[in-house]
Number of protein chains: 2
Amino acid sequence: MNESLDKIFNAKSIAVVGASTDPKKPGHEILKNMVDIGYEGKVFPINPKADQILGFKCYKSLSEVPEPIELVVFVVPAPVTLKIVEEELIPRKKKFNDTAGVVMVGGGFKETGTKEGEEREKRLKELLNSAGIRLIGPNCQGIIDTTSKVNTTFDVGDYRKGGVSVITQSGALSCSFLMWAKAHDLIGLDKFISFGNMADIDVVEVMEYLADVPTTKVIWVYLEGYNDGKKFLEVAKKVSAKKPVIVLKPGRTQAGATAASSHTGAMAGEDQIWDAVFKQTGIIRAYSLQELYHTTRAFEKLPLIRGNRIAVLTVCGGLGTLCVEEIASSRYLRMASFSEEAKRRLREILAPTATVGRPDGYIDMTGSVTEKLHNEALRIVLNEDGVDGVIFLTTPPAFLPQREWAIELAKAYNSQPEDRKKPVIAVLGFGDSAMESKKALEENSIPAYDFPEIAVRVMDNMVKYYLYREKAQGA
Amino acid sequence: MNESLDKIFNAKSIAVVGASTDPKKPGHEILKNMVDIGYEGKVFPINPKADQILGFKCYKSLSEVPEPIELVVFVVPAPVTLKIVEEELIPRKKKFNDTAGVVMVGGGFKETGTKEGEEREKRLKELLNSAGIRLIGPNCQGIIDTTSKVNTTFDVGDYRKGGVSVITQSGALSCSFLMWAKAHDLIGLDKFISFGNMADIDVVEVMEYLADVPTTKVIWVYLEGYNDGKKFLEVAKKVSAKKPVIVLKPGRTQAGATAASSHTGAMAGEDQIWDAVFKQTGIIRAYSLQELYHTTRAFEKLPLIRGNRIAVLTVCGGLGTLCVEEIASSRYLRMASFSEEAKRRLREILAPTATVGRPDGYIDMTGSVTEKLHNEALRIVLNEDGVDGVIFLTTPPAFLPQREWAIELAKAYNSQPEDRKKPVIAVLGFGDSAMESKKALEENSIPAYDFPEIAVRVMDNMVKYYLYREKAQGA
């Protein structure tokens, strides 16, 4: 276990240098978010002009805090940060032997593209290194831990605990992910780390740490650059064998690489090399932001798939057709196969207008469907040996109560034995106009998407990971 | 002008054969939706067992209706439909010379893949044809007209009037689009036609008709198959020169073609040929459902673009980087170019941490941004000769009021002269957690998306259309 990371994520006392009384400033939001998430450790705002902020007693400087501080957050300009690190933080670390790490929120370092910024970052790292203090950042939002309730971000307050851990070079982007998911309660969070320029603690170290954190089920990564491909490859292989890692990495184009460099000072590196690294390590490379978002949440919610044969169960022929088309053009999936017995039983219970097995693995129940039939049809399909996973699609018929059919579908899904559970993904044609159905499905562990192409891409990524694990375990 | 279509869309009296008192039946929903949309013509429910439904007096059969009926909707099984057409509808058409068209909701025709179904469809068409009655369907939902308030669908009730017209072989899929958009008021509808098996009135005839309907600004098409590529090509060229047409057509794969055939009896045809047809006609082929949805709504809301140079204005470096990357890998777009004067002014007003012009056409305002700066920065960018369109991206800073910054952005956008207006598309990292911002942008005619890749794809399609129109007009 990585001791510094463990201490940082479980810090029992936090100082915020640059704490602000102004609700429009990040130095205020950080304190507010700590309160919102329910952090119970000690909090020391550092502000020479205020007596207290949000009920916490203020100190004029780090030097004045009379107790140990395990984590220090800096929200002051770069030159001031360096001065305080040198003149206050390092001396007090010698005295208390307390501080495990710092979070540097501000920019003004390598990402500026100037020699001055680069040298400033180098100096900062050297100073902290000499004192045995680890650095998160600079130019970042720091960490959230939903168990210890440590939260140094200025975007995200209270968050539901769950199995997703986030590693990121863009704090704002990843906080966006959390807020995006929060609106419809799509994921639960375990740990979050934003390290911006990644001058010290980096993606490899955190991945390795999270591989052994039992509460982390899936790892979400936004990476702009990393200069040691070999080290990444070695560690990623081991992590991937334990849990799925989904990475979005820009830098496929020159313009993208330039933008990344002006954002976090990252050197994107040859994209072909990175592509090869991801392939060899079983890491799932997302090619778009929504692929990253939606794949992650499926891995959190669903059991791992154990094959590539997908059945398509639809209420709407148009959505069903598009789904079959996407499966046929996917990388790893193929249509499931139904036994004659299953087809016979399905034809027996469904309306005469229904289509069963044309093409194989496909059922269009049509709008002439009842709540109960959602349950019965899905049970038959899940029981088939030739089926590894199911995509269910619907435009919720106006004459069925929105919640009821969803509950019936979920009952069939959750009637499977836990150790042999096959994943089911839903596509809801009405989007947010079918909010009741959506909510009922999500609450019952069936992820619901708006578009068939997303459901298929997510399933494809799940099978990609299954194939890697099979191979890794066989080797 | 196509007289039969015009009469059907403006029918002053409608009979529903198979009208039902049971709210769970389509034969009831159709009547309910007519009431909801506010249809003011005459309505005749045909039901031998009921006296009245939803306040409309019932008739035992079509023959008993003493007045002209301009449109007849059939919601009864296929064999019954044929019988009534032959024994009641055709005789009364001879007497009243009234009925312009029928909507056949039910299936049981060509889409069954049986000889019986195919012959039934042929016979139906012959019968109607001989009586001069046009056929919409079978196996469809019929039409909506937001001006005349005719509505024969069983999924969509009242709908806001606007510039999108929908042509579709999947009624349920396209009603899904309308309901999906309705949840956040994303589009306004002009006309809707779902013709399922498309036995008579077809995609070409309707496209040609809509090209001259002044209230239709953009045409949305879901097509599973069409057997006269040459005719399609000729008409589509003319339509495309007048207004944008966006088409989603499955059939790229064998499995997709089979599913389409079991849905609407369509023969998908060689996909390469279709791809060539779309290219030659300037029709925008969408490769996924969400591309179809989001491209359509951008064309409705925004002015046409007049060049391919896109400026990227961001508050979040991660989103900005991903957007630049997508532009660099797009088909038609390239990054805009800023004048020295614009860069100087931007650096002057933005925070020192901001990035301007690295890469060219890119501005990262960073989280240190105010409401007003949204306005000022966008004005400077829109005034640049080297900019044809703008993508604005943000993770709304927690310390800015959600509505205010969006209003400031919209002010800058709407300060442009109408005849030289450049399109602006927004990406909101927080998704539905930033609902206030989203709403303020959409209300002020800036479409707001959740993901940068979608915004770029939409912009790419707008430029594709611009290039076609330029060429078509130049030739």
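Predicted model: local features only at pLDDT ≥ 70, side-chain atom pairs only at ≥ 80, totals over all residues.
Chain A is superposed on chain B by a rotation of 180° with 0.0 Å of shift along the axis, at an RMSD of 0.0 Å. That is the relation of a two-fold axis. Within chain A, Asp432(A) has the C-alpha nearest the axis, at 5.1 Å from it. Both copies use the same surface, as 100% of the contact residues of chain A recur in chain B.

The interface brings 71 residues of chain A into contact with 71 residues of chain B. About 5400 Å² is buried between the two chains, 61% of it on carbon and sulfur atoms. Of the area that chain A buries against chain B, 13% is supplied by Glu325(A), Arg358(A) and Phe399(A), more than by any other three residues.

Polar interactions also cross the interface of chain A and chain B: there are 23 residue pairs in polar contact and six salt bridges. Glu325(B) forms a salt bridge with Arg252(A), with the closest N and O atoms 3.5 Å apart. On the side of chain A that touches chain B, the elements giving two or more residues include the helices α2 (26–37), α11 (317–328) and α16 (452–474), and the strand β17 (362–364).

In chain B, helix α7 (residues 229–242) comprises 14 residues and reaches 20 Å from its first C-alpha to its last, close to the 20 Å expected. Buried residues of α7(B) are Phe232(B), Leu233(B), Val235(B), Ala236(B), Val239(B) and Ser240(B). Their cover includes α6 (203–211), β11 (218–222), β12 (245–248), α9 (271–281) and α16 (452–474) of chain B.

Terms used:
Residues numbered from 1 in each chain as written. Chains lettered and ligands numbered in written order. Heavy atoms only, no water. Least-squares fit on C-alpha atoms with pLDDT ≥ 70 in both. Contact = heavy atoms within 4.5 Å. Helix = DSSP H or I, 4+ residues; strand = E, 2+ residues; numbered from the N terminus. Expected span 1.5 Å × (residues − 1). Buried < 20%, exposed > 50% of the residue type's maximum accessible area, 1.4 Å probe, protein only. Buried area = accessible area lost by both parts, 1.4 Å probe. Salt bridge = Lys/Arg side-chain N within 4 Å of Asp/Glu carboxyl O. Polar contact = N/O pair within 3.5 Å; in protein donor to acceptor, adjacent residues only side chain to side chain.
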